[in-house]
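Hi everyone, thanks for making time this morning.

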Amino acid sequence: MDTLMNISSAVFLLIGSFLCISGGVGILRFPDFYTRMHAVGVTETLATAMILIGLMLQNPDGLVDLKLIIILLMTLFISPTASHALAKAAMINGLKPKINRQADNERLTSSKP
Amino acid sequence: MLMGLYNYWVVVVLMMIGFYIVIAHGNLIKKIVGLSIFQTSVFIFYISMAKVDGGTAPILVEGIKQYSNPLPHVLILTAIVVGIATTAVGLALAVRLKEAYGSIEEEEIQKKDNLDC
Amino acid sequence: MLIAATIAILVVMIMAITRAIMGPTLYDRILAVNMFGTKTVLLISVLGFVMGRPEFLDIAIVYALINFISVIAVLRHSGKSIFKTTQPEEKEKEKEKNS
Amino acid sequence: MINIVLLAFLVVIAIAIVRMRDLLAVSMLLGIYGLLSASFFVTMDAVDVAFTEASVGAGISTLLMLIAITMTGRSEHPERHKPVLALFVVLITGSLLIYGTLEMPYFGSADAPIHLHVAPHYINNSMQEIGVPNIVTSVLASYRAFDTFGEVVVIFTAGIGVLALLSVVRRPEDIIKIDSTNNLMRAEYLILRIVVKMLIPFILLYALYVQFHGDYGPGGGFQAGVIFASAIILYAMLFGISTARRVINQSVIQFFAAIGVLLYGSVGVVSLLNGKSFLDYSALSADPVAGQHLGILLIELGVGFTVASVMVIIFFNFEGRRDNSLTKESNKT
């Protein structure tokens, strides 16, 4: 039972770390603000959830698990809300998404027979 | 020696960065930012001194003998809240100066003062 | 495994700091700060387990609860001229004009 | 090991702050700086300090910077002359300080002078004398209570200072104008309003937990006050300052700020009248340990009142000033 818990906790932690890093690569490599925000916003909640679940499996103590669950719930509620607020603020203040129309058109025409 | 004094050297570097911002930049808000960097470096200095190798957080638990020094923690804990309150007073002064002089750049304020005399 | 998670979080922190310093717009920086906040929540919770005193999750809860106040502040004051951004391309055009 | 990495991050951020001209970006970097220093305090076992830094740095400090910058302008003028002299002074001072550190006991050594004098007494005897597991709380609120009293008075004075500098008297038509812009804002952010409305009770409840759990875990009046104030500030930002003022009247907050200091001081006076020294709580009850518990509870409550109300006063006055300058501009045009 103990080894099962340890292994599953390790798996959850590894998945969480991988998601974290992919979000980090996204914030570095993507071309403009909205795509970066997409990378962060999508990975953030799931990565946090995975790492926190991994931690929960490490420790069967009731109070610590309760605190971890509170953190998890709050992150699930707040993180998307913050992303929403930030995107809205950027939009109101006139930051336009970067659109490469030429490339889109080329792709459309090439896909047509 | 490098490992033993690394924390203190970083503290000195941060302190000097804050000091440099305060004396070299003319913008009052930037000066307040510099002051708060300086302040944080002092916090880091105190907390680094309080750490004991093998010690843990100073909250008594059965079975743990070695704790870090609680006294610097107390001093810094209050200093952080006092720090934000005094920073607020500094920002309020900057806001009033902006209303009175139309600028928060040191040189421009001095120029206006000299014109008034 | 906890060590691996800590290292991963630190690597992501480096990436967020890079983005916060590079910019280019204010919103990229706010995004980086926000991301850094959630990563700090994770780092503090993992550190509690690494150091063997996991009862100190209270600090992580504080960050989880009130970390987005600054984003709301930016949203509240947005629409004022001070937050208006010029597009990066426009900036480049202006530079070309000037030179 | 991890503290080395965090300190290196701090230096990088500080250098970036020096070079940056956009003040809003500087305030964002300062937010990262606060987050990093809180993580550093956790690695140094200073959980109470990290808690305070978290509650201050997560919300209020960045917020105040942002509001002040919206009033004073975003960009910093470049310096006219090269600051060679400043660099020279900084380098000289820095190298002298580094020279000073060479004599210091190494980081983490248990026999450094700082660990030999008072700290062992606190660590070994506080459980019998005070009966509180969190040594930081017992030092803060009992052994060095007079010191903390001074700090609370400083915070109170800072609140009065901001009030004197920024408070404005409004005409009724201005209030209506400000209200209408705020109402406009309220209609727009539906999602935010719902989430925040759901969140505020949790934040308030958590602040109360921090306030009363400070004897057993990290926490206490300072942190709880700041968290409580953050909840009110969140409400004020999303539902408008004037709505928030209707809920929590300005004069009531000022009253509470004074009540906190008064409560702290009067606990001291009561123990003085009972024949012990100022702020010696064992005078409060027949059993000294029970007296200590009662005293710590009361003065932490006083600290919480003062800190929370001063933070709310600071925020309300900054925002009120900003609204006022906006209406002045619109009246001119």
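Over all chains, the structure holds 10 salt bridges, where a salt bridge is a side-chain nitrogen of Lys or Arg within 4 Å of a carboxyl oxygen of Asp or Glu. Please keep in mind that this is a predicted model: local features need pLDDT of at least 70, side-chain atom pairs count only at pLDDT 80 or more, and totals for chains, interfaces and linings use all residues. Residues are numbered from 1 along each chain as its sequence is written, chains are lettered from A and ligands numbered from 1 in the order in which they are written, and side-chain values use heavy atoms, with hydrogens and water left out.

Let's take one of those pairs. C:Asp58 forms a salt bridge with A:Lys67, and their closest N and O atoms are 2.8 Å apart. This pair crosses between chains, linking helix H3 (residues 58-66) of chain C to helix H3 (residues 62-92) of chain A. By helices I mean DSSP runs of H or I with at least four residues, and by strands runs of E with at least two, numbered from the N terminus.

How do H3(A) and H3(C) lie relative to each other? Their axes come within 9 Å and cross at roughly 15 degrees; axes here are lines fitted to C-alpha atoms, for helices over the stretch in contact, and angles run from 0 to 180 degrees between N-to-C directions. The two helices are therefore roughly parallel (angles under 35 degrees count as roughly parallel, over 145 as roughly antiparallel, 65 to 115 as roughly perpendicular and the rest as oblique). The crossing is left-handed, meaning that the near helix is turned anticlockwise from the far one by less than a right angle, with clockwise being right-handed.

On the H3(A) side, the residues that meet H3(C) include A:Lys67, A:Ile70 and A:Met74, and their partners include C:Asp58, C:Ile61 and C:Leu65. Contact means heavy atoms within 4.5 Å. By class, there are 8 nonpolar, no polar and 2 charged residues; Ala, Val, Leu, Ile, Met, Phe, Trp, Tyr, Cys and Pro count as nonpolar, Asp, Glu, Lys and Arg as charged, and the others, Gly among them, as polar.

Zooming out, the contact between these chains takes 42 residues from chain A and 45 from chain C. They bury about 4,000 Å² between them, 76% of it on carbon and sulfur atoms; buried area is the accessible area (1.4 Å probe) that two parts lose on being put together, summed over both. A:Ile27, A:Leu86 and A:Asn93 supply 16% of the area on the chain A side, more than any other three residues.

Now, which chains have the most contacts? Among the 5 pairs that touch, that is chains B and D. Here 96 residues of chain D are in contact with 76 of chain B, and the two chains bury about 7,800 Å² between them. There are 2 salt bridges across this interface, and B:Glu99 pairs with D:Arg321 at 2.5 Å between the closest N and O atoms. Chains A and B make no contact, their closest C-alpha atoms lying 16 Å apart.

Finally, chain D itself has 13 helices and 0 strands. Helices H7(D) and H12(D) have axes that come within 10 Å and cross at roughly 160 degrees, so they are roughly antiparallel. Their contact has 10 nonpolar, 4 polar and no charged residues. Thanks, and happy to chat!
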